[in-house]
Amino acid sequence: MAAQNQVHITIPKDHNGQKQAPEDDFDYSQRAQWVRAAVLGANDGLVSIASLMMGVGAVQKDVKAMILIGFAGLFAGACSMAIGEFVSVYSQLDIERAQMKRDRATGGQNQEHEEGNKEQLPNPFQAAVASAIAFSLGAIVPIIAAAFIANHKVRLAVIVAAVSLALLTFGVIGAFLGRSPMVKSCARFLIGGWMAMAITFGLTKLIGSSTGMEL
């Protein structure tokens, strides 16, 4: 019986037909710039305004004073964060552009590599807007928490509770977006916020008591 020749034809797989895991292939470092700005802004807005209001609450029982100082801190802080992020990221952008120019002049960078680097350049406007919006979102939490509570001690407790919940939320969001450990992220946010509020409240209370400014 004659032997049969078997011909094996290798058919290249269609890349579109392959099952890919975009979750695993995605480079989360691309999110680092705006995630950092947003998380930093939210945390700063939440903690700084809450601490500011707790400090005022240590010597003032008037809710109007707390709300007013809260909004003043929100406006000032959002502007400060936006300008700070813009200047900082723009400085980083200038440095990276200068390095690309030097590489191009010395022939150490091909066009394809240069185009890839341009896509990864930081965006100062994006960082500034993200930081300002995030700061405002964080800052509004203690203001709303204090606005509808008449009793002074209850108001302070509600601010601490609302801020703690928000800190946990921001920690979860930051960890989710960056795919970082969630428990550690939440712990850093929560402990840092508690420390800031406690230190501000205690020192303001001490100064108010020693100078007779407590009302």
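Author: The answers below go from the overall fold to single residues.

Author: This is a predicted model, in which local features need pLDDT of at least 70, side-chain atom pairs count only at pLDDT 80 or more, and totals for chains, interfaces and linings use all residues. Residues are numbered from 1 along each chain as its sequence is written, and side-chain values use heavy atoms, with hydrogens and water left out.

Reader: What is the average pLDDT of the protein?

Author: The average is 80, and 75% of the residues score at least 70; pLDDT is the predictor's confidence in each residue, from 0 to 100. Where pLDDT is low, the predicted coordinates should not be read in detail.

Reader: How many helices and strands are there?

Author: There are 7 helices and 0 strands. Helices (H or I, at least four residues) and strands (E, at least two) are DSSP runs, numbered from the N terminus.

Reader: What does UniProt list as "transmembrane region"?

Author: The unreviewed UniProt entry lists residues 37-59, 65-90, 127-150, 156-177 and 189-208. UniProt positions are given in the numbering used here, feature names are shortened, and annotations may be inferred rather than shown by experiment. In the model, residues 65-90 are 100% helix and 0% strand, with end C-alpha atoms 37 Å apart. Residues 189-208 are likewise 100% helix and 0% strand, and their end C-alpha atoms lie 28 Å apart.

Reader: Which residues of H7 are buried?

Author: They are Ser185, Cys186, Phe189, Leu190, Gly193, Met197 and Gly208. Buried means under 20% relative accessible area, exposed over 50%, and partly exposed in between (1.4 Å probe, protein chains only). Helix H7 covers residues 182-211 and is followed by glycine 212, whose phi is positive, near 75°.

Reader: And serine 51, buried or exposed?

Author: Serine 51 counts as buried, at 6% relative accessibility. This residue sits in helix H2 and, leaving aside neighbours within four places in sequence, contacts Ala196, Met197 and Thr200.

Reader: Which residues touch the most other members of the largest nonpolar core?

Author: Met53, Ile159, Val163 and Leu167 do, in a core of 28 residues. A nonpolar core is a set of buried Ala, Val, Leu, Ile, Met, Phe, Trp, Tyr and Cys residues joined through side-chain atoms within 4.5 Å. H2, H3, H5, H6 and H7 each supply at least two residues of this core, and the largest share, 8 residues, comes from H2. Not counting residues up to four places away in sequence, isoleucine 159 touches Met53, Met54, Met66, Pro142, Ala145 and Ala146.

Reader: How many aromatic pairs are there?

Author: The structure holds 3. Rings of Phe, Tyr and Trp (its six-membered ring) pair if their centres lie within 6.5 Å; planes under 30 degrees apart count as stacked, over 60 as edge-to-face and the rest as tilted. Phenylalanine 86 lies in H3 and phenylalanine 125 in H5, so the pair ties together parts 39 residues apart in sequence.

Reader: How exposed are phenylalanine 86 and phenylalanine 125?

Author: Phenylalanine 86 is partly exposed, with a relative accessible area of 28%, whereas phenylalanine 125 is exposed, at 55%. Together with Tyr90, Phe86 and Phe125 form one aromatic cluster.

Methods:
The expected span of a helix is 1.5 Å times one less than its number of residues. Contact means heavy atoms within 4.5 Å.
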